[in-house]
Amino acid sequence: MRAAAGEDAQEGAGAAAAAPLDPGCGLPLSRGAGSPAASQDKLFLMKAGIFLGTVATAGMVAGFGTTLAMTKKKNPDWFSKGITATATLPESGSSLALRALGWGSLYAWCGVGLLSFAIWKALGVHSMKEFRTKMQSVFPAIPKNSECSVEWEDLLKSK
């Protein structure tokens, strides 16, 4: 009886190490679709995504604001000329930048779309499944092992 109880305790310890513990009971949480652990994982991923998005946005706003402040401090006359349209500059700097961004975005979307369409037609595929199998036959397989096949010390050595 005692030997069986000892085995159960060891199995329970192994299960506790493999699965996260429920903070209320200390029991391992299951990872099924409707389990509390799965919902905690989703919540964690959502919080992490929101955090990273907030940090990235704050960094972009801070960088853009710092650049504008430095430009205004360096050349206040040129900065004010760029904000409003004048007789010498019929278009303000911000409207010119927005127009350039719009055309650049249009060219980028059309270029990538045209390139993708050309590759699709050159391969002669009719579905994404065919495209995937064709790409797998053309390119080498990516190894699944976690070991790095490239030794960085060998690559970065000075000759």
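**Aromatic side chains and their helices**

Guide: Phenylalanine 51 counts as exposed because its relative accessibility is 53%, and the cut-off for exposed is over 50%. The model in which this value was computed is a predicted one. Phenylalanine 51 lies in helix H2, which covers residues 36-74. Together with Leu52 and Val55, Phe51 makes up a nonpolar patch on the surface. The accessible area of Phe51, Leu52 and Val55 together is about 310 Å².

The setting comes next. The protein chain has six helices and zero strands, and its pattern along the sequence reads α-α-α-α-α-α. Of its 159 residues, 4% count as buried. The protein chain exposes about 13,900 Å², and 68% of this area comes from carbon and sulfur atoms. Among contacts with a separation of 6 or more, 0% are between residues 24 or more positions apart.

Now to the ring pairs. The count of aromatic pairs comes to two. One of them joins tryptophan 103 and tyrosine 107, with 5.8 Å from centre to centre and 35° between the planes, and is tilted. Tryptophan 103 and tyrosine 107 are separated by about one helical turn because they stand four residues apart in helix H4 (residues 93-123). An α-helix has 3.6 residues a turn, so residues three or four places apart point the same way. Tryptophan 103 has a relative accessible area of 48%, so it counts as partly exposed. Tyrosine 107 counts as exposed, because its relative accessibility is 57%.

The stacked pair is formed by tryptophan 120 and phenylalanine 131, whose rings lie 5.6 Å apart, centre to centre, with 20° between the planes. This pair links distant parts of the chain: tryptophan 120 belongs to helix H4 and phenylalanine 131 to helix H5 (residues 128-138), eleven residues apart. Tryptophan 120 is partly exposed, because its relative accessible area is 23%. Phenylalanine 131 is partly exposed too, with a relative accessible area of 22%.

Helix H4 itself can be described briefly. H4 has 31 residues and spans 45 Å from its first C-alpha to its last. That span is close to the 45 Å expected at 1.5 Å a residue. Glycine 124 follows H4, and its phi is positive, near 70°.

Methods. Residues are numbered from 1 along each chain as its sequence is written. This is a predicted model: local features need pLDDT of at least 70, side-chain atom pairs count only at pLDDT 80 or more; totals for chains, interfaces and linings use all residues. Side-chain values use heavy atoms; hydrogens and water are left out. Patches are made of residues with over 30% relative accessible area and no salt bridge: like charges are joined within 9 Å, nonpolar side chains (Val, Leu, Ile, Met, Phe, Trp, Tyr) within 5 Å. Accessible areas come from the Shrake-Rupley method with a 1.4 Å probe; for residues, only the protein chains shown count as cover. A salt bridge is a side-chain nitrogen of Lys or Arg within 4 Å of a carboxyl oxygen of Asp or Glu. Helices (H or I, at least four residues) and strands (E, at least two) are DSSP runs, numbered from the N terminus. Buried means under 20% relative accessible area, exposed over 50%, partly exposed in between (1.4 Å probe, protein chains only). Rings of Phe, Tyr and Trp (its six-membered ring) pair if their centres lie within 6.5 Å; planes under 30 degrees apart count as stacked, over 60 as edge-to-face and the rest as tilted. Contact means heavy atoms within 4.5 Å. The expected span of a helix is 1.5 Å times one less than its number of residues.
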